[in-house]
Amino acid sequence: MEEIEEFGKRLENLLKYGNVRGPKRTIGVTSVSFCSLKAALTTRYDVRFFGEKNKERILGQVLHMGLLGLIKDSWPYLQGDIGDNPEIEKEVSYDLGDGGVLSGKIDLVIGEHVFEFKFLKDWSYEKIPENLDEVDEESVLNAYTEQLNAYLNMLPDAEFGHLWIFRHNELIPWKKLKIKKDSKAFKRFLKRARDIIKLIESMENGELPKDPKPRFGWECRNCIFKSICSK
Ligand code: SF4
């Protein structure tokens, strides 16, 4: 009997949602680079930023709007053609299979060039070296380069990644880093995304990870789930 019910459920899911596992799970590119449990909880319970974080988001959007002019002025640096039709906040998605979708919003795409703008407040600027190979394992830069690489691999025509880092409240980029497209790193990223989906499913079955591991040592300090997390 149970088997028939299970079969019926899977069939219903297939007809309704296009896959046997039910509604699609959408994982944000930005959450994959950090603690898997935080990403799973945020996705499962659709937790949004609020309070102080919201102010930062609004500020970030205003700054983004002012950035296009700045990029036009910096175009010789890119040795390309701004006439390529800039697309701001371009939405992208990637099918993870089994009802999972990776999604994201790219700050700016111009032809083969993909830009991400990051506004740093808490991070110690001096810790960012000129050479990306010298970046400390604990640096948030590793998450940013990984995310930009994901976008480069999700967009079929994208080739060149540009990570521009701004100090808080400034419109002139403090660092302009070029990021190479790396398909192997993207495969690892996809695995992390699929693992987060599995984690959500196991949480729905009543299993919580006993020993969650944040990606970076500093993550738990600012995590909104700290009070309910066993870490
Ligand atoms: S408190 Fe730490 S381990 Fe727990 S969900 Fe947050 S970041 Fe992850």
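Colleague: What does I27 touch, leaving out residues up to four places away in sequence?

Modeller: In this predicted model, I27 touches V32, A39, T43, G100, L102, A193, I196 and I197.

Colleague: And which residue stands opposite I27 in β3?

Modeller: L102 is the one opposite I27. The strands involved, β1 and β3 (residues 100-110), pair in the parallel sense over four bridges.

Colleague: Which face of β1 is I27 on, covered or uncovered?

Modeller: I27 is on the covered face together with R25, while T26 and G28 make up the uncovered one. In a regular strand the side chains alternate between the two faces of the sheet.

Colleague: Which residues touch the most other members of the largest nonpolar core?

Modeller: I27, V32, V114, L148, Y151, A193 and I196 do, in a core of 33 residues. At least two core residues each come from α2, α3, β3, β4 (113-120), α6, β5 (160-167), β6 and α7. Helix α6 gives the largest share, six residues.

Colleague: Back to α3. How many of the residues of α3 are buried?

Modeller: Seven of the nine residues in helix α3 (residues 36-44) are buried, so the helix is largely enclosed by the rest of the structure. The buried ones are S36, L37, K38, A39, A40, L41 and T42.

Colleague: What do they pack against?

Modeller: The buried residues of α3 pack against β1 (25-28), α2 (29-32) and α7 (183-204).

Colleague: Now the loop between α2 and α3. What is F34 in contact with there, beyond four places in sequence?

Modeller: F34 lies in that loop and touches A39, A143, R215 and E219.

Colleague: Is F34 buried or partly exposed?

Modeller: F34 counts as partly exposed, because it has 18 C-beta neighbours inside 10 Å, and buried would take 20 or more.

Colleague: Which residues are around the ligand?

Modeller: C35, L37, K38, P212, P214, E219, C220, C223, F225, K226, C229 and K231. By class, the shell has eight nonpolar residues, four charged ones and no polar ones.

Colleague: Which residue other than glycine has a positive phi?

Modeller: D98 has one, near 50°. Most residues other than glycine have a negative phi. D98 sits in the loop between β2 (87-97) and β3. It counts as partly exposed because it has 14 C-beta neighbours inside 10 Å.

Colleague: How many helices and strands does the chain have?

Modeller: Seven helices and six strands. Along the sequence the order is α-β-α-α-α-α-β-β-β-α-β-β-α.

Colleague: What share of the chain is buried?

Modeller: Buried residues are 22% of the 231 in the chain. Of the contacts with a separation of 6 or more, 64% link residues 24 or more positions apart.

Colleague: Where is the confidence lowest and highest?

Modeller: Helix α5 (residues 75-78) is lowest, with a mean pLDDT of 56, and helix α6 (residues 141-154) is highest, at 95. For the chain, the mean is 80, and 72% of residues reach 70 or more.

Colleague: Where does pLDDT stay under 50?

Modeller: Over residues 49-53, where the model has two contacts beyond four places in sequence. Where pLDDT is low, the predicted coordinates should not be read in detail.

Definitions and conventions:
Residues numbered from 1 in each chain as written. Near = placed C-beta within 6 Å. Nonpolar A, V, L, I, M, F, W, Y, C, P; charged D, E, K, R; others polar. Buried ≥ 20, exposed ≤ 12 C-beta atoms within 10 Å, placed from the backbone. Contact = placed C-beta atoms within 7 Å. pLDDT = per-residue confidence, 0-100. Pairing = 2+ DSSP bridges. Core = buried A, V, L, I, M, F, W, Y, C linked by C-beta atoms within 7 Å.
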